[in-house]
Amino acid sequence: MGGLTEVSSNKIFGGWQKVYSHESEEVKCTMKFGIYLPPQADGGKVPVLYWLSGLTCTEQNFVTKAGAQRYASEHGIIVVAPDTSPRGCNIEGEDDSYDFGSGAGFYVDATQDKWKKNYRMYSYITKELPALINSNFPAIPDKQSIFGHSMGGHGALICSLKNPGQYRSVSAFSPICNPIECPWGVKAFSGYLGADKKTWKDYDACHLVRKYNGPPLNILVDQGSADNVLADKQLLPDNLVTACSENKVPVICRKHEGYDHSYFFIVTFMEDHIKHHANYLKA
């Protein structure tokens, strides 16, 4: 496989959970991604579902905790889980905090001098990674969907809204829905994008959905009521529902009593999300 180095390979539910590394042109460093190849991939090309993880995560959080392989195997879907940021770029301050820099790429293309060379996670996710997957694995290029958690939920929403038709469906667990209005988003966007808040709207799902004009995009969001960062007003899911209704974009936002922000919540409803995407990927 051109440019790919296999890091690990484990058989699970009849398929293979693998991790690869490669030298990224977009973020100018070594990147890793997990990929689950279901047994159906042995017989031909299958759809692809991309997962974007949240703050502090690597590809390993999803690979080991989400429980997606069973359902991906049942539906015959490749699942790709990349890292959340560039690593080891020797940028001053990149490791100083959990919510900015390493592990916190926020799926934007940075414009500020200090970060713009490496922190190009939006282009990595929407361009470089799909090209890599499509050229090295039995993936159907025009059958791909995207989902994620927290910061990754934000990433999934903006990637789908900014690229009408590229993804068949989108879903999110506890997404950061309105980053220009929450502390996490303000910190990240100020650092990566600068002081001009007008540019922030290009990476905010609530603003993007108000002007969305593309193929039907049915959005599924799951949110736990006991989520501590929901209480801290970091997520703002009601703002997304309001924005979707203003532009008549279908959204299902389910509230789940007692669930928090952890992978215990994610694994509980992972089957629902895989089914949601299978409905569109296999239509």
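Figure 1. Tyrosine 107 lies in the loop between strand 5 (78–82) and helix 3 (121–136); helices (H or I, at least four residues) and strands (E, at least two) are DSSP runs, numbered from the N terminus. The phi of tyrosine 107 is positive, about 55°, although the residue is not a glycine. This is a predicted model, in which local features need pLDDT of at least 70 and side-chain atom pairs count only at pLDDT 80 or more, while totals for chains, interfaces and linings use all residues. Residues are numbered from 1 along each chain as its sequence is written, and side-chain values use heavy atoms, with hydrogens and water left out.

**Figure 2. Serine 150, a loop residue with positive phi**. Serine 150 is found in the loop between strand 6 (139–149) and helix 4 (151–162). Its phi is near 60°, a positive value in a residue other than glycine. With a relative accessible area of 3%, serine 150 is buried.

**Figure 3. Lysine 18 in strand 2**. Strand 2 spans residues 15–23 and includes lysine 18, which is buried because its relative accessible area is 13%. The side chain of lysine 18 makes a polar contact of 2.8 Å with the side chain of serine 9. A polar contact is a pair of N or O atoms within 3.5 Å; within protein, one must be able to donate a hydrogen and the other to accept it, and residues adjacent in sequence count only if both atoms are side-chain atoms. Not counting residues up to four places away in sequence, lysine 18 touches Glu6, Ser8, Ser9, Phe33, Gly34, Ile35 and Leu37, where contact means heavy atoms within 4.5 Å.

**Figure 4. Serine 21 in strand 2**. Serine 21 counts as buried at 12% relative accessibility. Apart from residues up to four places away in sequence, serine 21 touches Gly3, Leu4, Thr5, Val7, Thr30, Met31 and Lys32.

**Figure 5. Arginine 210 in helix 6**. Helix 6 covers residues 205–210. Arginine 210 counts as partly exposed, because its relative accessibility is 37%. The side chains of arginine 210 and glutamate 246 are joined by a polar contact of 2.7 Å. Leaving aside neighbours within four places in sequence, arginine 210 is in contact with Ala243, Glu246 and Asn247. Its C-alpha atom is separated by 32 Å from that of alanine 139, 71 residues apart along the chain.

**Figure 6. Alanine 243 in helix 8**. Helix 8 comprises residues 237–246. Alanine 243 has 0% relative accessibility and therefore counts as buried. Not counting residues up to four places away in sequence, alanine 243 touches Cys206, Val209 and Arg210. The C-alpha atoms of alanine 243 and cysteine 206 are separated by 5.6 Å, with the two residues 37 apart along the chain.

**Figure 7. The chain around these views.** The chain has nine helices and nine strands, and 58% of its 283 residues count as buried. Its C-alpha atoms fill a box of roughly 50 × 40 × 35 Å, taken along the principal axes. Among contacts between residues at least 6 apart in sequence, 72% join residues at least 24 apart.

Key. Buried means under 20% relative accessible area, exposed over 50%, partly exposed in between (1.4 Å probe, protein chains only).
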